[in-house]
Amino acid sequence: MPHRPPPSPIASAELLAVGAELLAGETRDTNSGDIAGELTSLGVEVARMSQLPDDLAVVTAAVREAMARADLVITTGGLGPTPDDLTRESIAAALGEEPSVDPELETWLRELWAARGLPFSKVNLKQAWLIAGAEALANPNGTAPGWWVERERHVVVALPGPPRELQPMWRDQVLPRLRRRGLGLDRAVTTLHLVGIGESALVDLVGADLLEADSPRMATYARADYVDVRISAVATGGRTAQEIVSEAVAGLSPRLDPYVFARDEATWLDTLAPLLGEGSLALAEVGTGGYLGLLLGRAPFVALAEQRPEAFDALTLAADVRHRAEAEIGLAAIAHEKGDDMQVEIGLDIEGVTDSVTHTVFRGGDTGRRRSANVAVAELWRRLRE
């Protein structure tokens, strides 16, 4: 018998969440995001996440199309006993097979009902279905076993919808199987967080040629308070993925360094800590809803003044709070509505050297207050870097 080479590692995945309740907004699909995050961290590219109705034709077509695009297809939901639970039928139809009752699963189900003194309805037998070559995934927290199906280079996994059933099955059964099967490529990603620049200006700064390149991949994302540049790569040409990403970041540094305040999971506190050293920081904020204190909550002294903004002067307030706290640095932010936007006056007193600046931030209300606090912290960061 000729030797069959082992299948190539799973490099791509698609996630299909099944259930009319998802599309009606009655239930939120948190499962797909959790699974996608874990797969991404393991070097698998999640190419698509879809929410589907309880419709046999729709789910069957989605499974078939996902298998044509991705190595791994994961469905969540639709494994119950009722007629509208159609995920098993859909996977079987997509593979051109017919499900049938597995004797061991039937015995297990009947014993569950018998142990509780309940009559066993024939409608429950569909939860004992399998197709040829499929493995049942035990469900210790419910009555819906999952499915593990391998076809050539493809893997299809069916998981129940309730997180209390899905999560143990994913963690204890699916992930170990995926790792044994071969999971992920050498993939690396770094996200740069930028302030003081909008997404459109950032696109111009990075350049369309880099944003349209296949390797490394670069993309910009506008967040609530800042803008991200995400850089990812897969190992190629004898270079590791991390080497490719690091080289790309180094190439961008001359253009982006004035705006990059953090990377990946780093926060403002992580960024400011080495700049502050042993120096203490005192804060005062007016009209910002307490967001400045939330961003820099570990500051040794925080003074909050939520009164009429026009009654204050940021420079005076920064100096006053620094002296009262006996701190090296005083930072004050005073924000007020200006039309549809928010105007924020920022005062800084760094060991007696004072300065102030005024910015207008996009949007008012709570969004404007949060952005005003973020702009104030960004101003402190710039001055400390200088």
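**Salt bridges in a predicted model**

The model contains 18 salt bridges, a salt bridge being a side-chain nitrogen of Lys or Arg within 4 Å of a carboxyl oxygen of Asp or Glu. The structure is a predicted model, in which local features need pLDDT of at least 70, side-chain atom pairs count only at pLDDT 80 or more, and totals for chains, interfaces and linings use all residues. Residues are numbered from 1 along each chain as its sequence is written, and side-chain values use heavy atoms, with hydrogens and water left out.

One of the bridges joins Glu 135 to Arg 177, with 3.2 Å between the closest N and O atoms. Glu 135 belongs to strand S6 (residues 135-137) and Arg 177 to helix H6 (residues 163-181), so this pair ties together parts 42 residues apart in sequence. Helices (H or I, at least four residues) and strands (E, at least two) are DSSP runs, numbered from the N terminus. Glu 135 is partly exposed at 37% relative accessible area, while Arg 177 is buried at 18%. Here buried means under 20% relative accessible area, exposed over 50%, and partly exposed in between (1.4 Å probe, protein chains only).

A second bridge pairs Asp 349 with Arg 322, whose closest N and O atoms are 2.9 Å apart. This pair links distant parts of the chain, 27 residues apart: Asp 349 is in strand S16 (residues 341-350) and Arg 322 in helix H12 (residues 314-325). Asp 349 is buried, with 2% relative accessibility, and Arg 322 is buried at 12%.

Arg 369 and Asp 366 also form a salt bridge, at 4.0 Å between the closest N and O atoms. Both residues lie in helix H13 (residues 365-385), three residues apart, about one turn of the helix.
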